[in-house]
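Please examine the model shown below. The paragraphs that follow lead from a single helix to its neighbours and then to the chain as a whole.

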Amino acid sequence: MENKHRFFEQLVSAYANDLYRYAYWLCKQKPLAEDLVQETFSRAWKSIESLKDEKAAKAWLITILRRENARLYEKYQPQLLEIEESLVADDYRNEPSHKLEKEQLHQMILKLPNEYKEPLLLQIMWGFSGDEIAEELNLKLATVNTRLFRARQQLKQMMNNEISEFNLYPANEGVNK
């Protein structure tokens with residue numbers, strides 16, 4: 001029994017912050033994200049014996065969190081909120097321009113449709129491979145790869161639109177001939 005407690009404490013210690021960040025990306029509300037993580041660990045504790053391979057703990061916890069999030073969406077539709085800088089993993093560059101760029105990128109990711117956002121988040125936040133994402137989302141690998149490609153294409157388009165908004169004058173416009 002003590003081994004179970006110790007193992008569970010190790011899981012909480014190792015994954016609580018990452019699960020919170022992921023939950024926040026999914027629901028975009030601090031209290032809801034906290035509830036999701038708490039319910040995830042509550043369900044994990046109740047069924048810890050079902051975890052056969054300790055190496056699969058990360059994927060197992062993600063699955064529980066995703067199911068909890070899906071249950072919430074059956075009853076509740078959260079509002080879109082601005083992401084807070086404190087929720088984003090620290091970058092080695094702390095210059096204001098890099099923070100602004102990082103925040104803009106995160107805002108763009110939040111605007112992606114869920115079918116593209118979720119695989120992208122599993123890849124960039126959790127480091128899941130295409131096969132792991134396919135298994136986690138119960139999709140074919142080709143579908144995952146297509147969604148990741150489309151997510152990146154949509155992000156590029158959003159970035160290009162953002163850049164073109166700042167480029168008010170085309171290169172030759174305003175030049176006296």
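Which residues in helix α6 (residues 130-137) are buried? They are G130, I133, A134, E136 and L137, where buried means under 20% relative accessible area, exposed over 50% and partly exposed in between, with a 1.4 Å probe and protein chains only. This is a predicted model, in which local features need pLDDT of at least 70, side-chain atom pairs count only at pLDDT 80 or more, and totals for chains, interfaces and linings use all residues. Residues are numbered from 1 along each chain as its sequence is written, and side-chain values use heavy atoms, with hydrogens and water left out.

The buried residues of α6 line one face of the helix, because they fall within an arc of 165° when seen down its axis; the arc is that of the directions from the helix axis to the C-beta atoms. The exposed residues D131 and E135 sit on the face of α6 turned away from its buried side. Just after α6, N138 adopts a positive phi of about 55°. Helices (H or I, at least four residues) and strands (E, at least two) are DSSP runs, numbered from the N terminus.

Helix α5 (residues 114-126) packs with α6 at an angle of about 130°, and their axes are 10 Å apart. That angle makes α5 oblique to α6: angles under 35 degrees count as roughly parallel, over 145 as roughly antiparallel, 65 to 115 as roughly perpendicular and the rest as oblique. Axes here are lines fitted to C-alpha atoms, for helices over the stretch in contact, and angles run from 0 to 180 degrees between N-to-C directions. The crossing of α5 and α6 is right-handed; a crossing is left-handed if the near helix is turned anticlockwise from the far one by less than a right angle, and right-handed if clockwise. On the α5 side, E118, P119, L122 and Q123 meet I133, E136 and L137 of α6. Of these, I133, E136 and L137 also belong to the buried residues of α6.

E136 has a further partner. Its side chain meets that of R66 in a salt bridge (3.8 Å, N to O), the term denoting a side-chain nitrogen of Lys or Arg within 4 Å of a carboxyl oxygen of Asp or Glu. R66 lies in helix α3 and E136 in helix α6, so the pair ties together parts that are 70 residues apart in sequence. E136 counts as buried, at 10% relative accessibility.

How many salt bridges does the structure hold? There are 7. Side chains of opposite charge can pair when their charged atoms come close. Another of these pairs is R43 and E68, whose side chains meet at 2.3 Å, N to O. R43 lies in helix α2 (residues 30-46) and E68 in helix α3 (residues 57-75), so this pair ties together parts that are 25 residues apart in sequence. R43 is partly exposed, with a relative accessible area of 34%, whereas E68 is buried at 7%. A salt bridge also joins the side chains of R21 and D18 (2.6 Å, N to O). Both of these residues lie in helix α1 (residues 2-27), 3 residues apart, about one turn of the helix. An α-helix has 3.6 residues a turn, so residues three or four places apart point the same way. R21 is partly exposed at 24% relative accessibility, and D18 is likewise partly exposed at 27%.

A33 lies in helix α2 and is buried, at 0% relative accessibility. Leaving aside neighbours within four places in sequence, A33 is in contact (heavy atoms within 4.5 Å) with Y20, A23, Y24 and C27. In helix α3, N69 is buried, with a relative accessible area of 9%. N69 touches L26, C27 and L36, not counting residues up to four places away in sequence. R67, also found in helix α3, is exposed, with a relative accessible area of 54%.

For the protein chain as a whole, the secondary structure comes to 7 helices and 0 strands. Buried residues make up 35% of its 177 residues. Among contacts with a separation of 6 or more, 68% are between residues 24 or more positions apart.
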